[in-house]
Amino acid sequence: MHLDVYTLFIFELYILILLTGVMLFAWIGGRRDPTLGLMALMLAFATAGTQLSSMRSDVNDIIPVLFSNLLILLCYGIMWSAVRVFTDRRIILPGVFAGPLIWAFFCLSPDFYHSLSQRILLTSILTAAYTLMTTVELWHVRRQLNVTFWPALPLSLFHAGFYLMRPVFDDGLPYAEMAGGHSSGFFAILIFEAILYAICLTFIILAMVYERGQLSYKLASLRDPLTGVGNRRAFLEFGNELIRKRKNCTLPLQLMLFDLDNFKKLNDQYGHAGGDSALIFFCSIVNSLLEKKDVFARIGGEEFACLTSQPKEQAIKLAETIRFRLAQSSQHNIPMTVSVGIAFSDLNQDTISHLLIQADHALYRAKSAGKNRIELS
């Protein structure tokens with residue numbers, strides 16, 4: 001089957017313009033995510049580079065040879081930067097411009113400039129290098145990314161491998177058919193692959209950014225905006241998940257319910273700013289002592305809950321350490337104490353609601369007995 005280079009070129013140009021518009025409007029219409037902005041810039045340069053690459057003539061081909069490839073290599077540097085920004089890493093400008101500068105430097109040599117095979121080899125190596133660098137960026141942070149990123153990996157690997165194969169199979173002048181000449185059949189396949197790569201990459205990036213945005217909204221809905229710990233909804237959601245996991249093993253669960261003593265008086269004396277400072281200070285103490293698998297949240301005004309899988313004796317010791325450290329500390333000369341009620345799980349019948357009720361009864365006894373103490377259910 002013969003693939004017409006001129007038709008593919010027009011189609012590629014149309015697709016790149018369309019994708020640039022899609023990415024630009026996604027960037028403008030969203031929260032100005034820098035990843036989308038960089039991808040829009042990349043696609044715009046790709047459109048310009050593709051257009052310039054077709055402007056070949058017998059008189060002067062410096063624009064299609066030098067500047068078109070320079071723009072296209074810059075696109076890959078920007079793509080690499082976009083992925084780094086998405087993974088919360090800084091842009092390395094020398095790396096972005098290294099490929100285009102290497103290309104421009106080699107083009108200063110007449111022997112290289114007039115050798116089609118050498119130009120194809122260098123652009124293929126640089127393109128594959130940038131693509132593999134992009135793949136490595138995603139792979140490096142795969143455990144921290146909470147979005148579906150894996151489709152980008154085989155796509156990038158295939159694209160890099162495809163360009164590494166180009167020097168072997170492509171021996172014709174690019175876009176020669178558009179001038180009535182002859183170009184290799186592989187170049188037509190190259191354009192077709194570039195079209196598919198641009199389309200797939202654009203929608204994969206859009207999906208990743210959208211998924212991360214949805215995740216950030218979800219996390220915000222589960223977080224107390226003042227203290228930064230989970231809220232009541234988060235505690236019930238993650239607590240129930242922890243209980244479901246526990247049904248398959250003998251993992252113990254203890255629920256500690258904390259209530260800051262005389263908080264209303266503290267608010268009246270030091271104002272709401274003092275009260276807020278006290279809540280934040282208390283959370284900093286608790287977070288410094290908890291394990292990563294423990295669930296801690298603010299479930300009321302000055303009431304906090306912690307679900308831990310530590311054994312009963314260790315849970316009591318943890319609660320006592322928290323109570324003692326808070327009693328020995330102060331925030332901006334604000335005296336602080338906390339009362340604690342602890343409920344212990346029953347493998348046969350406990351739910352989060354049941355544990356909260358049991359811990360609340362124990363907390364009430366701690367308050368009634370003079371505060372700044374721990375009571376067990």
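pLDDT is the predictor's confidence in each residue, from 0 to 100. You'll want that score here, since this is a predicted model: local features need pLDDT of at least 70, side-chain atom pairs count only at pLDDT 80 or more, and totals for chains, interfaces and linings use all residues. Residues are numbered from 1 along each chain as its sequence is written, and side-chain values use heavy atoms, with hydrogens and water left out.

**Confidence**
- The protein chain has an average pLDDT of 87, and 90% of its residues score at least 70.
- Among its elements, helix α4 (residues 93-107) has the highest mean pLDDT, 95, while strand β4 (residues 330-331) has the lowest, 62. Helices (H or I, at least four residues) and strands (E, at least two) are DSSP runs, numbered from the N terminus.

**Helix α2**
- How far apart are the end C-alpha atoms of helix α2 (residues 34-53)? They are 28 Å apart, which agrees with the 28 Å that its 20 residues should span at 1.5 Å a residue (1.5 Å times one less than the number of residues).
- Residues buried in α2 include Leu-36, Met-39 and Leu-43. Buried means under 20% relative accessible area, exposed over 50%, and partly exposed in between (1.4 Å probe, protein chains only).

- Phe-11 sits in helix α1 (residues 5-29) and counts as partly exposed because its relative accessible area is 43%.
- Ser-339 belongs to strand β6 (residues 338-344) and is buried, at a relative accessible area of 0%.
- From Ser-339 to Phe-281 is 58 residues in sequence and 16 Å in space, C-alpha to C-alpha.
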